[in-house]
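Okay, thanks everyone, let's get going.

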Amino acid sequence: MSDKKPERRDFLFTATYAVGAVGAAAVVWPLVDQMNPDASVKALASTEVDVSSLKPGNTITVLWRGKPVFIRRRTQEEIDVARSVKMEDLIHPEKDEDRAKNPEWLVMLGVCTHLGCVPLNDKGDYDGWFCPCHGSHYDTSGRIRKGPAPWNMEVPKYEFVNANTIKIG
Amino acid sequence: MSDHEYTPKSKAGKWFNDRLPLLTLANHLTDYPTPKNLNYWWTFGGILTFCLITQIVTGLVLAMHYIAHADMAFESVEHIMRDVNYGWLIRYIHANGASMFFLAVYIHIFRSLFYGSYKSPREIIWIIGIIIYLLMMAAAFMGYVLPWGQMSFWGATVITNLFSAIPFVGEGVVTWLWGGYSVDNPTLTRFFTLHYLIPFLILGLVVLHIWALHVPGNNNPVGIDVKKPSKDTVPFHPYIVIKDGFALLMFMIVFAFFVFYAPNILGHADNYIEANPLVTPAHIVPEWYLLPFYAILRSVPDKLLGVVAMLSAILILAALPWLDTSKIRSAVFRPLYKQFYWILVADVLILGYVGAMPAEGLYLLVARVATAYYFLHFLVILPVLGLKERTIPLPLSITEPVLGGSPNMAMAKKKESKIE
């Protein structure tokens, strides 16, 4: 190829391949993208939860975007434990202050960051959550402390609409 | 090998065959010369073909009654079990058929490992086989999701989440696979579509698998090439057809035992509870045929590396023809390999056992040792063994050991008493 001078025909071949490739990609993309979340799935973006009946030390689980969300009203003891942990001891260092703006309320996706199981309440070596699937232990702030999960349980976007209602999403 | 000229006897046959040589193909398949020393471990190819056709036929019938919708799937399966005429039978054949399919494929794979059927010139047959095996796992996994029970839902969640281990794009890939933010209706409908498609892909690959087999011909228990077709081989029909048929009958007895006497023994009771995204079953365990790989996944304490180890455990098989440096095919003539072969069999069985147990304490330790040994076998033992091992002299031909002309007389005697 290199020792031969490019001809008119070589240019035509290259141009044809290029246009063909772009055309093929343009046709393939809709076929791939149709598998992404559709408009009706995206529309279910937020949910409001009444938390007035929740006592300290209790957790409720609500469904948001098909995923469980834990809402825990933490006891003072749990908050103290969560806030006294040194950052060096954490696998995925995050301050409890950043995870629970209002320390009494911990809101997070109840989804283990290993392979997506729902961890169990008040279980595990750190008295937070324990995932029965592959043995990940989370502390009272939902942070990963032991086991195969790589990250802390995710805190979704949420806000208190009023004193008794949390809006997730 | 057997591509001799063939002319149909009838005039109509000749007319047709000149335009589309289907009769030549049929003649090739009937007369296909097969080594005459094939033992019963060689009958599993036919058994697997039977399994594939059984799954396609029963699956087609189930699809006439099943509804792929998150709100209706569970009920429609119960509808099949209770209302549809013979629905219980068809579903139990399909569900247990998957297990029988894997039982047969594992025997088929381990037969290849023992007799070195993956070695030159049969590498392509072997690699196509590995692709079929991968597709079988994908089909089985997606099929298990369709009843939309608790194990279906959480199995789907765990397996699709494996993709989230991919750096950077993992989360996006998982969302794309789900068609949402969790396993839900869009996931179910696409899994149904793919579950329907994959068996036909497998069927196509089976044609290629057999085509590639018919180029060099079958390997055989002594693992040497056919020297004289007239002496060393028998035609496929009627010899192998009868033998395969008899083995298939025996296999169907086992199959029928599960379908009629223990149809749920290989499943999980949790899958008779409808899917609930808020509660994970206490013990998520995949179907038995995936347990060794599940044990490997769990034995690595890092998410990404666990997934990599699990995939490597399967893909390493594709490289086997090049990892095994020995020119001798059959383990019969490789005294050391034979021992390592049985250790590997035990290793895989142990992995399967610990895969079903909770990942803690002694089970976890055993899983880690067994995982390490699995890779050691393929990456260290096989390459070194091929260079170091002192093998037993090969017989001069396939017929030789039968007639007592082998340089290894003890072997010849053993063979003789076995065959006669």
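This is a predicted model: local features need pLDDT of at least 70, side-chain atom pairs count only at pLDDT 80 or more; totals for chains, interfaces and linings use all residues.

Residues are numbered from 1 along each chain as its sequence is written, chains are lettered from A and ligands numbered from 1 in the order in which they are written, and side-chain values use heavy atoms, with hydrogens and water left out.

We work on a 1 Å grid over the protein atoms alone: a cavity is a set of points where a 1.4 Å probe fits but cannot get out, a pocket is an open set with protein on both sides within 12 Å along at least five of seven lines, and lining residues have an atom within 4 Å of a point. Volume is the space filled by probe spheres set on the points, with grid points joined across faces, edges and corners.

The largest pocket holds about 1,200 Å³. It has 47 lining residues, and G45(B), G46(B), H209(B), I210(B) and L213(B) are the closest to its centre. Who gives the largest share of that lining? That's α9(B), with nine residues. Helices here are DSSP runs of H or I, at least four residues, and strands are runs of E, at least two, numbered from the N terminus. By class, the pocket lining is 28 nonpolar, 16 polar and three charged; Ala, Val, Leu, Ile, Met, Phe, Trp, Tyr, Cys and Pro count as nonpolar, Asp, Glu, Lys and Arg as charged, and the others, Gly among them, as polar.

The largest is about 880 Å³, with 41 lining residues; H94(B), A95(B), G143(B), Y144(B) and H195(B) lie nearest its centre.

The top contributor is α7(B), with seven residues.

Back to α5(B) for the crossing. The axes of α4(B), residues 73-82, and α5(B), residues 87-115, come within 5 Å and cross at roughly 115 degrees. Axes are lines fitted to C-alpha atoms, for helices over the stretch in contact, and angles run from 0 to 180 degrees between N-to-C directions. V77(B), I80(B) and M81(B) on α4(B) meet G87(B), W88(B), R91(B) and Y92(B) on α5(B), where contact means heavy atoms within 4.5 Å.

Last, rings. Phe, Tyr and Trp (its six-membered ring) pair if centres lie within 6.5 Å; planes under 30 degrees apart are stacked, over 60 edge-to-face, the rest tilted. The whole structure has 33 aromatic pairs over all chains. One of them, W105(A) with F160(A), is edge-to-face, at 5.9 Å centre to centre and 65 degrees between the planes. That pair joins strands β4 and β9 of chain A, 55 residues apart. Is W105(A) buried or exposed? Buried, at 7% relative accessible area, whereas F160(A) is partly exposed at 29%; buried means under 20%, exposed over 50%, partly exposed in between, with a 1.4 Å probe and protein chains only.
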